[in-house]
Amino acid sequence: MGAENEDVNMEVEKPSAKIDEKPPQEIDEKAQQAIEKAREMVSKDSSKLNGAIALLLESERVHRLSNDTLETSALCAAIVQLCFEQGDWEALNTNIVLLSKRRAQLKQAVTKVVQAGVEFVEHTPSEEIKLELLNTLRTVSEGKLYVELERARITRIIAEIKESKGDVEGACNIMQDMQVETYGTMDRREKTEFILEQVRLCLLKKDYIRAGIMAKKVTAKTLAAKDIEDLILRYYLHLVEIKLESGDYLEVCRCYLSRYEAKSVQADEKLYLQELRLAIFFLVLSKRDPMQSDLLHRIKAYKTLEKLPAYGEILKLFTTEELIRWDHLREGYSAELSSLVASANFETDPAWETPLQDRTIEHNLRVVSSYYSRLELQRLAELLNLSVGDTEERVTRMVSDEKALWAKIDRPAGIVVFGNPDSLDTVLNEW
């Protein structure tokens, strides 16, 4: 047992982790004498550690019951420091728990003990001892708001250890318990990093619903901050993965557009061109709505598109009131779009051909409805390059499901009628 202690001592002598004890002039003479006497006892004979701790505990009790904050904190700090210096990790864990559970223990003393324990973590001789100390600190800090910051940091270290061992679910579960968005003592960068770590672990676990909930903890004020742009860029990549799973291509487009507009991205031409390509790609795949239409015309006006002629042509096709031939679109841009998807390194490559064909047909239907009030179903099928049955299905879907078109189909006559009829108020006013 003595040899083992010597080995541990050799491991601990390298680091110089020493918590900040209050200067002698700030604590009374009795407390200072107790600390000095305890250190002297241990320095002469390391086996007297328990006796030195007993001496300090007695002095701590007197000052604690007298509500002497400085003295109690200094004595608690001295106890855990002695355990650390002697390499007695079992005694360290025991005394951390003991000090935190003492009757009427002061918050400042518990804070001092937990902060000291966090500093000692990186100097532990083995992973087993490290985990034991971390779990002790996490147990002690549970439910104590005044050490919430230290508890969050401890939890993150435990999660990293679990993940390194392949226990992603365990790491994710332990991180989910921390509501760091409410912590006033944590600075913005650390808080954002913690939330992004929660999102990342949820994505590794394929829990996209919870990942989306976690991502919402990043506020608009945080996204507008200039000093954490690197974290914001990472946030948008996580959001892309979440939105791709739900098929919300318009939100994916907005994520890439936000990345494109970032200052650090604009400094790298290759990077910002890639972000703009992806933004246009997912914008074209998005279903038609006022925001999608607005983004189409806004991005079309970007001067950067001069460097991306193929994507400028795609935007022109979808913003011009002319029919698009699907076979020509596929032949002309399939290689470029496939290359773009391959270079983006998605977790799972999005299936883009079918959505793009759907958007092309929907565009063509809107164009036809703007030029014709009545049209034979057979002729409409020819214009859309579809069969009569598929054409009828597409028109029905846009009218009933998506509410994106007003039309009626006269099946016996084989005629499609376009145009939204005037409301009763309009007819009355005209009359």
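1. A disulfide here is a pair of cysteine sulfur atoms within 2.5 Å. The search of the whole structure finds zero of them. The sulfur of C253 lies 9.0 Å from the closest cysteine sulfur, that of C255, which is too far for a bond. For C202 the closest cysteine sulfur is in C172, at 3.7 Å, again too far for a bond.

2. A word on the basis. This is a predicted model, in which local features need pLDDT of at least 70 and side-chain atom pairs count only at pLDDT 80 or more, while totals for chains, interfaces and linings use all residues. Side-chain values use heavy atoms, without hydrogens or water, and residues are numbered from 1 along each chain as its sequence is written.

3. Buried means under 20% relative accessible area, exposed over 50%, and partly exposed in between (1.4 Å probe, protein chains only). C202 counts as buried, at 0% relative accessibility. C253 is buried too, with a relative accessible area of 0%.

4. Next, the cores. A nonpolar core is a set of buried Ala, Val, Leu, Ile, Met, Phe, Trp, Tyr and Cys residues joined through side-chain atoms within 4.5 Å. The largest has 117 residues, of which L56, L276, F282 and L356 touch the most other members. Helix α16 (residues 269-285) gives the most to this core: 11 residues. Helices (H or I, at least four residues) and strands (E, at least two) are DSSP runs, numbered from the N terminus.

5. L356 has contacts (heavy atoms within 4.5 Å) with V284, L285, F318, W326, L329 and L337, leaving aside residues up to four places away in sequence. A second, separate core has 15 residues, among them L365, L377, L380 and M398.

6. M398 belongs to helix α22, where T391, E392, R394 and V395 are buried as well. Seen down the axis, the buried residues of α22 fall within an arc of 160° (taken from the directions from the helix axis to the C-beta atoms), so they line one face of the helix. Their cover includes α20 (353-371), α21 (377-384) and β2. Just after α22, K403 takes a positive phi of about 55°.

7. Last, the hairpin. Two strands pair if DSSP finds at least two bridges between them. Strands β2 (residues 407-410) and β3 (residues 415-418) pair in the antiparallel sense over four bridges. I409 has V416 in β3 as its bridge partner. Four residues separate the strands of this hairpin, and G414 takes a positive phi near 70°.
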